[in-house]
Amino acid sequence: MLAFATIGISFLFRPLGAVVAGWLGDKLGRKKMLVFTLILMGLSTSLIGFLPTYAAIGIAAPILLILLRILQGFSAGGEWGGAALMSVEHAPKGKRGFFGAFPQIGVPVGMILATFTLWVITSTMSAEAFMEWGWRIPFMLSIVLIVVGYLIRRAVEESPVFQELQERKQESSAPLKELFRTNTKNVVLTAVIFIANNAAGYLLIAYFATYAVTALGMDRPSVLLATTFASFGWLVFTLWGGRLSDRLGRIRTFQIGYVFLALWAIPMWFLIDTGNIVWYFVALFLMTFGLGLSYGPQAALYAEMFPAKVRYSGVSIGYALGAILGGAFAPMIAAALLGETGMSWTIGLYIAIVAVISLIGVSMVKETKDVDLSA
């Protein structure tokens, strides 16, 4: 539980990152903040791989780790809003959901890369070597992502909607103040809508593999490989969810995803508990259907819920708050439920409950598809 708690610490600083990056993004532009947050995330992640151990520098080691996790959370808080808006505001009318799904697939693609990398490392070295130095390799590899990401984003033009705002600067003199004066309800709704998806998503990212190995005694490399393959479902269904929302609407697509997630949350644990690697894969793969349909349309929905002059701030803060209430401590809550009850299906009950909460939240939003995004 303490190990999982370190995941949650970074989430607590996402709202601060969202406020700062959202305010500056509405003032200075989406592109500048995207580059800044990407570099900050890459540097803080890479530096974790170079941290001295407790044996070398004592209590300073975990303190430095927590500080780097805080920087990760700060940068993540401002990262998503800019990426989402760059995609949605560039999209042709009628394809915002599909275009907006592309920044969303960063999560499943990252999941695939991370678990595959760990599978390669754990399959090619002893457990002792992995604990001693092998765990550092994935963190150090983030240096490559900084360079690649910066080169890609340097070639991206500023959002046309932001360019329009620059011509009407008087309307964006105080976007953060304006956000909470006129759009508090939508900030709250965006947070509530994201809770279930983020909670279930972080169980897939940070908990299922640990549970399978430590509680069920399954082979670690096999579990990591199965998790990698299951994550492809998350990738495909996220893209499909974005495209589907362009036809059915954002709200209806979200509702389908959350209803499925609520219904599947408990039964999947009985498949996982068989200890069979095939059923483990099937359980996770089917869960990604609900994850994808409640994640693919998110960028488009959030962008369409806010006026242009406060859009960056609105989507970033709502996303960050939803992440705190959802995924920040989901793995720790799962570990606590398992430790208290000894029954894994209670974790599914927890996910089902938050899925219903998010379902109610998204159902309170009027359909936004094809609204005018201009200033």
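Which residues does Ser87 touch, not counting residues up to four places away in sequence? Here are a few friendly notes on that and on the aromatic residues.

1. A word on the basis. This is a predicted model, in which local features need pLDDT of at least 70 and side-chain atom pairs count only at pLDDT 80 or more, while totals for chains, interfaces and linings use all residues. Residues are numbered from 1 along each chain as its sequence is written, and side-chain values use heavy atoms, with hydrogens and water left out.

2. Ser87. Its contacts (heavy atoms within 4.5 Å) are Phe99, Gly100 and Pro103, not counting residues up to four places away in sequence. Ser87 lies in helix α5 (residues 60-90); helices here are DSSP runs of H or I, at least four residues, numbered from the N terminus. With a relative accessible area of 19%, Ser87 is buried. Buried means under 20% relative accessible area, exposed over 50%, and partly exposed in between, with a 1.4 Å probe and protein chains only.

3. The structure holds 16 aromatic pairs. Phe98 and Phe102 have ring centres 5.1 Å apart and planes at 75 degrees, so this pair is edge-to-face. For the terms: rings of Phe, Tyr and Trp (its six-membered ring) pair if their centres lie within 6.5 Å, and planes under 30 degrees apart count as stacked, over 60 as edge-to-face and the rest as tilted. Both Phe98 and Phe102 belong to helix α6 (residues 96-104), four residues apart, about one turn of the helix. Phe102 counts as partly exposed, at 43% relative accessibility.

4. A pair between helices. The ring centres of Phe208 and Trp269 are 5.2 Å apart and the planes are at 40 degrees, so the pair is tilted. Phe208 lies in helix α14 (residues 208-214) and Trp269 in helix α17 (residues 267-272), so the pair ties together parts that are 61 residues apart in sequence. Both Phe208 and Trp269 are buried.

5. More on Trp269. Its relative accessible area is 1%. Leaving out residues up to four places away in sequence, Trp269 touches Tyr207, Phe208, Tyr211, Ser344, Trp345, Ile347 and Gly348. Trp269 and Trp279 are ten residues apart in sequence, and their C-alpha atoms are 9.9 Å apart in space.

6. A charge and a cluster. The charged end of Arg243 sits over the ring of Phe98, 4.1 Å from its centre; the criterion is NZ of Lys or CZ of Arg within 6 Å of the ring centre and within 35 degrees of the ring normal. Elsewhere, one aromatic cluster is formed by Phe237, Trp240, Phe260, Phe281, Phe285 and Phe289.

Conventions. Helix = DSSP H or I, 4+ residues; strand = E, 2+ residues; numbered from the N terminus.
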